[in-house]
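Please prepare a short briefing on the structure below.

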Amino acid sequence: MQRRPALSAIALGLIAACAYPPLHLWPLGLVALAGFVWLIHTAPDWRGALWRGWWFGWAHLTLANNWIATAFTHQAKMPEVLGWAAVPLLCVYLAIYPALAALASHLLARRAPSWAFGLVLAGTWTLTEWARGTFFTGYPWPPLGLMLLGGWETQGLARYLPFFGTYALSGLTVFLAAGLAFGLAERRYAATGGFAALIAAGMLFPASAPRPNSDIRYTLVQPYLPQSEINDPAKFDEQFARLTALSAGARDQSRIVLWPESAVPDYLEEGYPERFYLQMTAGGDPVVARRRIGTVIGPQSTLLTGVVNLDIAPLAHGTLGAVSARNSVMAIDGAGQIKAQYAKAHLVPYGEYLPMRPLLEPLGISRLVAGSIDYLPGPGPGTLDLGEHGKAGIQICYEIVFSGEVVDDANRPDYVFNPSNDGWFGHWGPPQHLAQARMRAIEEGLPVLRSTTTGISAVIDANGIVRGAIARGKADALEGFVPAAKPPTLFARAGHWLTLAWAALLIALGLALPRALALARARS
């Protein structure tokens, strides 16, 4: 590996990405990560450490995010092949963060013992992964600690998320890999084998007994709306009929009905210019459209559904028109009344808005989502009080991947509703998206209910266990009672102050312990 460090870093990055869903080859991923730690520790100088970290991060994140390229096949304004260039180009930037972690650990601990170097690298990785998920709108997909999440019915080492948070769990992942790397490098095969067995036992250890359910009944719908059909007006009536059929099961009972993002093509708010209602499936009247929905769900029910709302204002030529849009969730009762709304806060750059539009639009760069106006962000995490149907925290689509930004701390919900359109996401995106929703459930101690257009929809309890799921490519519904919430976890209370504390502690231990041990030996 030392002869061709760049190629070795690329190969290790690609192998490590196979530890995420859908492959979830976590043993192989940890071994590859161990090779990366050793590669950084043996870098001859700071430039070598920086570039080895960058090449690893670039390859690793490019493969893990390959699903982004699929989104370019669902639009007509840009060449589809651009998607396969967009992903590695995006990762040119994202790889800066692993590179900085490698550089910082080299500068701080290059002369430290191997175990101390592992601690420092774990701390710097925690810090830089937090930065990747925070700065410049943030893009944390995927966190390294995702490889420690167990299968649908287990937690794996992600059981420690309440005490670490996602980014510090990534630091723990680095430290475990460092233990394997240096154990093998120092030929401590028996100890390394025992350490590996402990990791495997932690990954396979059964989850705790299921928690009881709340008394909130739900009907969660996956209507199967393929991305190729979702914006076709000729399909709108058929799509609504599918939603109606799947929602009818418990119509005479008090329940919450959950429809995904992009499920309703109609504008349900009043006050838009008449031309915006022309292609509606309910005769061009938003009041009629809402009453029809109320009839579908039943008089005692509340619907939570994804919708698009418009911001109307005078245009340059004097007529009223849409100047921006909001990707929203609307709560509608059995009488067709709007009870509450939430607007998505974490918008997808180049998906829901075009950064630097005056510069990029003349070059032929466009948004992936249909339309020429940008979406505007909402104020942040919010809780909708739905009375007997509980307090619903809302996270639309990829908002759920942002650790520490899911819950309104001042008004903690009973559950989190995560409507999504995963039809953009290819084969790797949906299972990774579900896995990150499970991490939020464990981290916050809250159940998460995911309704998607094409799958994977799921009911996840507060331990991150999947209680029920609908596979990709199926139209179906889940019915039952919402799993009970847990008390706020340590991470739910402390947020990313806990992340930063872990990063500081790991770095401090890696720097201070060798000196303390050396001083103790000198005194003895």
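With 524 residues, a compact globule would have a radius of gyration near 24 Å, and the chain agrees because its own value is 24 Å. The radius of gyration is taken over C-alpha atoms, and the globule rule is 2.2 Å times the number of residues to the power 0.38. This is a predicted model, in which local features need pLDDT of at least 70 and side-chain atom pairs count only at pLDDT 80 or more, while totals for chains, interfaces and linings use all residues. Residues are numbered from 1 along each chain as its sequence is written, and side-chain values use heavy atoms, with hydrogens and water left out.

**Overall build**
- Along the principal axes, the C-alpha atoms of the chain fill a box of roughly 85 × 55 × 35 Å.
- The chain has 16 helices and 12 strands, counted as DSSP runs numbered from the N terminus (helices: H or I, at least four residues; strands: E, at least two).
- Of the 524 residues, 57% are buried (buried means under 20% relative accessible area, exposed over 50%, partly exposed in between, with a 1.4 Å probe and protein chains only).
- Among contacts with a separation of 6 or more, 70% join residues 24 or more positions apart; a contact means heavy atoms within 4.5 Å.

**Cysteines**
- The count of disulfides is zero, a disulfide being a pair of cysteine sulfur atoms within 2.5 Å.
- The closest cysteine sulfur to that of Cys18 is in Cys91, 15 Å away, so the two are too far apart for a bond.
- Cys18 is buried because its relative accessible area is 16%, and Cys91 is buried at 0%.

**Around Thr62**
- Thr62 lies in helix 3 (residues 46–64) and counts as buried, at 18% relative accessibility.
- Leaving aside residues up to four places away in sequence, Thr62 touches Val87, Pro88 and Cys91.

**A nonpolar surface patch**
- Trp115, Leu505, Leu509, Leu513 and Leu517 form a nonpolar patch on the surface, together having about 390 Å² of accessible area.
- Such patches are made of residues with over 30% relative accessible area and no salt bridge; nonpolar side chains (Val, Leu, Ile, Met, Phe, Trp, Tyr) are joined within 5 Å, like charges within 9 Å.
- A salt bridge is a side-chain nitrogen of Lys or Arg within 4 Å of a carboxyl oxygen of Asp or Glu.
- Helix 16 (residues 496–523) gives the most to the patch, with four residues.
- Trp115 sits in helix 7 (residues 114–132) and is partly exposed, at 35% relative accessible area.

Conventions:
Accessible areas come from the Shrake-Rupley method with a 1.4 Å probe; for residues, only the protein chains shown count as cover.
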